[in-house]
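Please look over the structure below.

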Amino acid sequence: MPSKHKSVVVMIEGALCIALSIVLSYFELFRMPQGGSVDFSLMPLMIFSYRRGLKWGVQAGIVSGLLRILLGGYVYNPLQAIFDYILAYAFVGLTAMHPRIVGLIVSAIGKIACHVLSGVIFFAEYAPEGQSPLVYSLAYNVP
């Protein structure tokens with residue numbers, strides 16, 4: 001298959017995986033009281049990353065994060081949007097870095113780290129009085 005044709009096929013596959021990810025995000029298993037949810041929306045992005053590699057996986061994650069902002073993401077601050085959407089979903093592309101379960105763990109830790117850092121920096125005021133914002137953000141964001 002010519003290189004140009006293969007790129008088009010990969011972009012179409014990526015667009016379909018991003019669209020499926022967005023659709024799956026509406027079927028929440030659990031909704032957090034101050035935002036965020038547990039769902040299966042990362043699965044298509046992770047599968048795409050495994051199939052197509054790091055470069056394509058990270059790009060699909062970034063596009064997915066941008067779409068989530070446009071479709072009603074909560075943006076408190078532009079830097080918070082970068083942490084909670086763009087970087088967090090870019091980390092999903094790291095699924096391709098390592099074989100099998102290790103890639104899933106690396107991408108999940110990176111994504112959670114982005115959310116925890118965002119919580120500490122931008123949402124520390126929600127931590128109960130006397131509790132460290134880091135402890136609160138970890139408890140809130142780590143499944």
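The sections below take these topics one by one.

## Confidence

This is a predicted model. The mean pLDDT of the chain is 90. Of its residues, 98% reach 70 or more.

Strand β2, residues 37-38, has the lowest mean pLDDT among the elements of the chain, at 78. Helix α3 has the highest, at 96. Where pLDDT is low, the predicted coordinates should not be read in detail.

## Salt bridges

The structure holds 3 salt bridges. Glu13 takes part in one with Arg51, with the closest N and O atoms 2.6 Å apart. This pair links distant parts of the chain. Glu13 lies in helix α1 (residues 3-24), Arg51 lies in helix α2, and the two are 38 residues apart. Glu13 also meets Arg52 in a salt bridge, again at 2.6 Å from N to O. Arg52 is in helix α2 and Glu13 in helix α1, so this pair ties together parts that are 39 residues apart in sequence.

Glu13 has a relative accessibility of 14% and counts as buried, because the cut-off is under 20%. Arg52, at 24%, counts as partly exposed. Arg51 is exposed, with a relative accessible area of 53%.

Another salt bridge joins the side chains of Glu28 and Arg31, at 3.3 Å from N to O. Glu28 counts as partly exposed, at 37% relative accessibility.

## Aromatic rings

A pair of aromatic rings is described by the distance of the centres and the angle of the planes. The count here comes to 5 aromatic pairs. One of them is Phe83 with Phe122, 6.4 Å centre to centre. Their planes are 50 degrees apart, and the pair is tilted. Phe83 lies in helix α4 and Phe122 in helix α5 (residues 101-122), so the pair ties together parts that are 39 residues apart in sequence. Phe83 is buried, with a relative accessible area of 18%. Phe122 is buried as well, with 11%.

Phe123 and Tyr126 also pair. Their ring centres are 6.3 Å apart and their planes are at 35 degrees, so this pair is tilted. Phe123 counts as buried at 16% relative accessibility, whereas Tyr126 counts as partly exposed at 39%. Ring pairs link Phe123 and Tyr126 with Tyr74 and Tyr76 into a cluster.

A charge also meets a ring. The charged end of Lys111 sits over the ring of Tyr89, 4.6 Å from the ring centre.

## Helix α5

How far apart are the end C-alpha atoms of α5? They are 31 Å apart. At 1.5 Å a residue, the 22 residues of α5 should span 32 Å, so the two values agree.

Which residues of α5 are buried? They are Gly103, Ser107, Gly110, Lys111, Cys114, His115, Val116, Ser118, Gly119 and Phe122. What covers them includes α2 (42-52), α4 and α6 (133-141). Two residues on this list have already come up: Lys111, whose charged end sits over the ring of Tyr89, and Phe122, which pairs with Phe83.

## Gln80

Gln80 is found in helix α4, residues 78-92. Is Gln80 buried or exposed? At 1% relative accessibility, Gln80 counts as buried.

Its contacts beyond four places in sequence are Tyr74, Val75, Tyr85, Ser118, Phe122 and Phe123. Among them, Ser118 and Phe122 are buried residues of α5. Phe123 and Tyr74 belong to the ring cluster.

## Trp56

Trp56 has its place in helix α3, residues 54-70. Leaving out residues up to four places away in sequence, Trp56 touches Ser7, Val10, Met11 and Phe48. Trp56 and Ala96 are 40 residues apart in sequence. In space, their C-alpha atoms are 9.5 Å apart.

Conventions. Residues are numbered from 1 along each chain as its sequence is written. This is a predicted model: local features need pLDDT of at least 70, side-chain atom pairs count only at pLDDT 80 or more; totals for chains, interfaces and linings use all residues. Side-chain values use heavy atoms; hydrogens and water are left out. Helices (H or I, at least four residues) and strands (E, at least two) are DSSP runs, numbered from the N terminus. Contact means heavy atoms within 4.5 Å. Buried means under 20% relative accessible area, exposed over 50%, partly exposed in between (1.4 Å probe, protein chains only). Rings of Phe, Tyr and Trp (its six-membered ring) pair if their centres lie within 6.5 Å; planes under 30 degrees apart count as stacked, over 60 as edge-to-face and the rest as tilted. A charge sits over a ring if NZ of Lys or CZ of Arg is within 6 Å of the ring centre and within 35 degrees of the ring normal. The expected span of a helix is 1.5 Å times one less than its number of residues. pLDDT is the predictor's confidence in each residue, from 0 to 100. A salt bridge is a side-chain nitrogen of Lys or Arg within 4 Å of a carboxyl oxygen of Asp or Glu.
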